[in-house]
Amino acid sequence: MSLNDETITELHELGSRYPEARSALLPMLHLIQSVEGYVTNEGIELCAEILGLSAAEVSGVATFYTMYKRRPMGEHHVGVCTNTLCAVMGGDLIFERLKGHLDVGNDETTEDGKVTLEHIECNAACDFAPVMTVNWEFFDNQTPESAVELVDALRAGETVKATRGATITSWREAERVLAGHEDGLVDEGPAAAGPSLVGLKIANERGWAAPTIKGSKSKKAKVADDKEGAVKQADTSRAESETIAEDKK
Ligand code: FES
């Protein structure tokens with residue numbers, strides 16, 4: 001698909017959302033990827049023209065961030081975290097198994113065009129290590145076997161749900177969401193669960209709280225201050241309206 005009038009209109013809309021138009025470059029590049037499957041030269045030229053930047057400036061951004069791709073992607077992006085914790089918990093094994101099973105190397109796409117495999121850095125989900133992502137949705141506590149089952153299901157076109165509930169769509173659809181368009185799936189699955197909340201649970205049970213930073217007020221003191229401020233504000237407003245009423249007599 002090439003960049004048609006509808007996409008060009010959407011790119012202009014993104015550019016007009018920000019006080020500084022160039023701030024829209026990141027979502028614009030995601031939109032380009034959602035349509036073209038990667039950041040094409042045509043997409044770079046178009047973003048540059050709309051934002052009044054040089055193609056080199058746009059290209060510099062598109063090649064700096066790893067979420068932007070300069071080669072066509074498969075229907076699904078499958079990421080395997082091989083950063084320290086996931087690696088020692090099995091991420092390296094998973095990645096090796098998938099490379100062999102899919103017959104691809106890092107950042108390569110299967111012959112059927114269904115899966116692009118990439119080893120990814122820490123996704124801030126270490127408490128569920130080793131994790132994988134499909135189109136940036138999390139698959140927690142994976143094993144080489146579950147990883148193979150997952151990619152087989154994706155290649156077979158089966159309905160796949162992420163561990164935390166989200167239905168897997170496609171990489172292009174996920175890119176459209178990253179460009180700021182709703183897909184109606186935002187409420188699928190919990191925002192935080194399991195190991196992520198264990199520390200909070202223990203702290204609540206034991207009455208622990210973070211120490212107050214010198215010079216800042218505790219939450220309790222802030223609430224008290226807010227209440228006092230609200231009472232003073234109410235008193236002032238009442239006094240003002242009484243004065244106005246008196247003046248009108
Ligand atoms: S090391 Fe894998 S999510 Fe942090």
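This is a predicted model: local features need pLDDT of at least 70, side-chain atom pairs count only at pLDDT 80 or more; totals for chains, interfaces and linings use all residues.
Trainee: In which sense do β2 and β3 pair, parallel or antiparallel, and over how many bridges?

Mentor: Strand β2 (residues 108-109) pairs with β3 in the antiparallel sense, over two bridges. Residue numbers start from 1 along each chain, as its sequence is written.

Trainee: What are the bridge partners in β3 of Glu108 and of Thr109?

Mentor: Glu108 has Leu117 of β3 as its bridge partner, and Thr109 has Thr116. The hairpin of β2 and β3 has five residues between the strands, and within it Gly113 takes a positive phi near 75°.

Trainee: Is Gly113 buried, partly exposed or exposed, and what does Gly113 touch?

Mentor: Gly113, in the loop between β2 and β3, is partly exposed because 14 other C-beta atoms lie within 10 Å. On that scale a residue is buried with 20 or more other C-beta atoms within 10 Å of its own, exposed with 12 or fewer, and partly exposed in between, the C-beta atoms being placed from the backbone. Leaving aside residues up to four places away in sequence, Gly113 touches Gly74 and Glu75, where contact requires C-beta atoms, placed from the backbone, to lie within 7 Å. The C-alpha atoms of Gly113 and His76 are separated by 8.6 Å, although the two residues are 37 apart along the chain.

Trainee: Changing topic to the helices, at what angle do α1 and α3 pack?

Mentor: Helix α1 (residues 5-16) and helix α3 (residues 41-51) pack at an angle of about 45°, with their axes 10 Å apart. Axes are lines fitted to C-alpha atoms, for helices over the stretch in contact, and angles run from 0 to 180 degrees between N-to-C directions. The two helices are therefore oblique to each other, given that angles under 35 degrees count as roughly parallel, over 145 as roughly antiparallel, 65 to 115 as roughly perpendicular and the rest as oblique. The contact is made by Ile8, Leu11, His12 and Gly15 of α1 and by Leu46, Cys47, Ile50 and Leu51 of α3. By class, the contact has six nonpolar, two polar and no charged residues; Ala, Val, Leu, Ile, Met, Phe, Trp, Tyr, Cys and Pro count as nonpolar, Asp, Glu, Lys and Arg as charged, and the others, Gly among them, as polar.

Trainee: How do the axes of α1 and α2 cross?

Mentor: The axes of α1 and α2 (residues 25-36) come within 9 Å and cross at roughly 165°, and the helices are therefore roughly antiparallel to each other. Thr7, Glu10, Leu11 and Leu14 in α1 meet Pro27, Met28, Leu31 and Val35 in α2, a contact that divides into six nonpolar residues, one polar and one charged.

Trainee: What does Tyr68 touch?

Mentor: Tyr68, in the loop between α4 (55-64) and β1, touches Leu29, Gln33, Val39 and Ala62, again not counting residues up to four places away in sequence. Tyr68 counts as partly exposed because of its 18 C-beta neighbours inside 10 Å. From His30, Tyr68 is 38 residues apart in sequence and 7.4 Å apart in space, C-alpha to C-alpha.

Trainee: Last one: how many residues of α8 are buried?

Mentor: Of the nine residues of α8 (residues 198-206), the number buried is zero, so this helix lies largely in the open. Just after α8, Gly207 takes a positive phi of about 70°. For the protein chain, buried residues make up 29% of the 249 residues.

Conventions:
Helices (H or I, at least four residues) and strands (E, at least two) are DSSP runs, numbered from the N terminus. Two residues are in contact if their C-beta atoms, placed from the backbone, lie within 7 Å. Two strands pair if DSSP finds at least two bridges between them.
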